[in-house]
Structures are given as structure tokens and as C-alpha cells.
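Trainee: Please show me how to read this model. I would like to begin with its surface.

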Amino acid sequence: MQKVRQSLLSAMGRNGWNVTFSIGVVTFRTPPDSVDGMLKVADAFMYSVKHSGKNRIKHREIEYQAA
């Protein structure tokens, strides 16, 4: 993910755009029953990464349990 982030930052820099990237990566030990459930968990994690500071990469392993 670090290489991906660096490539994105380089591309933005070439265009003169002051942009940063916050990336959240989720690994499910036990996946949700649906893609929608998976996206909901991943989306919530991405926003938590974004709110914890700019230009970060975080990874979380999740043992999913249905509510």
C-alpha cells in the first residue's frame, strides 16, 4: 500500500495538486455474508483512518460477527 500511496502522491505532484491519501486496508478472517456487509465495514474503517489524520495507511484484521 505504501507503493500505491507513493505513486498516487507522485502523480498528484506532477500536476501541481496538493492532495494526500488516507488508506484503510481491512483483512477479514471471517467475511460478512454479503459484499454489502463487507463494504460497510471497510467504508467505516476508511473514514476512521481519514479522521485520525491525513496521509496515513492503516490495516486492521477483523473477525466479523453478524449483529
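Mentor: Accessible areas come from the Shrake-Rupley method with a 1.4 Å probe; for residues, only the protein chains shown count as cover. Here the protein exposes about 5200 Å², and carbon and sulfur atoms supply 53% of that area. This is a predicted model: local features need pLDDT of at least 70, side-chain atom pairs count only at pLDDT 80 or more, and totals for chains, interfaces and linings use all residues. Residues are numbered from 1 along each chain as its sequence is written, and side-chain values use heavy atoms, with hydrogens and water left out.

Trainee: What secondary structure does the protein have?

Mentor: Helices (H or I, at least four residues) and strands (E, at least two) are DSSP runs, numbered from the N terminus. The protein has 2 helices and 2 strands. Their order from the N terminus is α-β-α-β.

Trainee: Which residues of α1 are buried?

Mentor: Start with the general idea. An α-helix has 3.6 residues a turn, so residues three or four places apart point the same way. Buried means under 20% relative accessible area, exposed over 50%, partly exposed in between (1.4 Å probe, protein chains only). In α1 the buried residues are Arg5, Leu9, Ala11 and Met12. They lie on the same side of α1, because their arc around the axis (directions from the helix axis to the C-beta atoms) is only 160 degrees.

Trainee: Which exposed residues does the face turned away carry?

Mentor: Lys3 and Arg14.

Trainee: And what covers the buried residues of α1?

Mentor: The cover includes β1 (23-30) and β2 (57-63).

Technical notes: Contact means heavy atoms within 4.5 Å.
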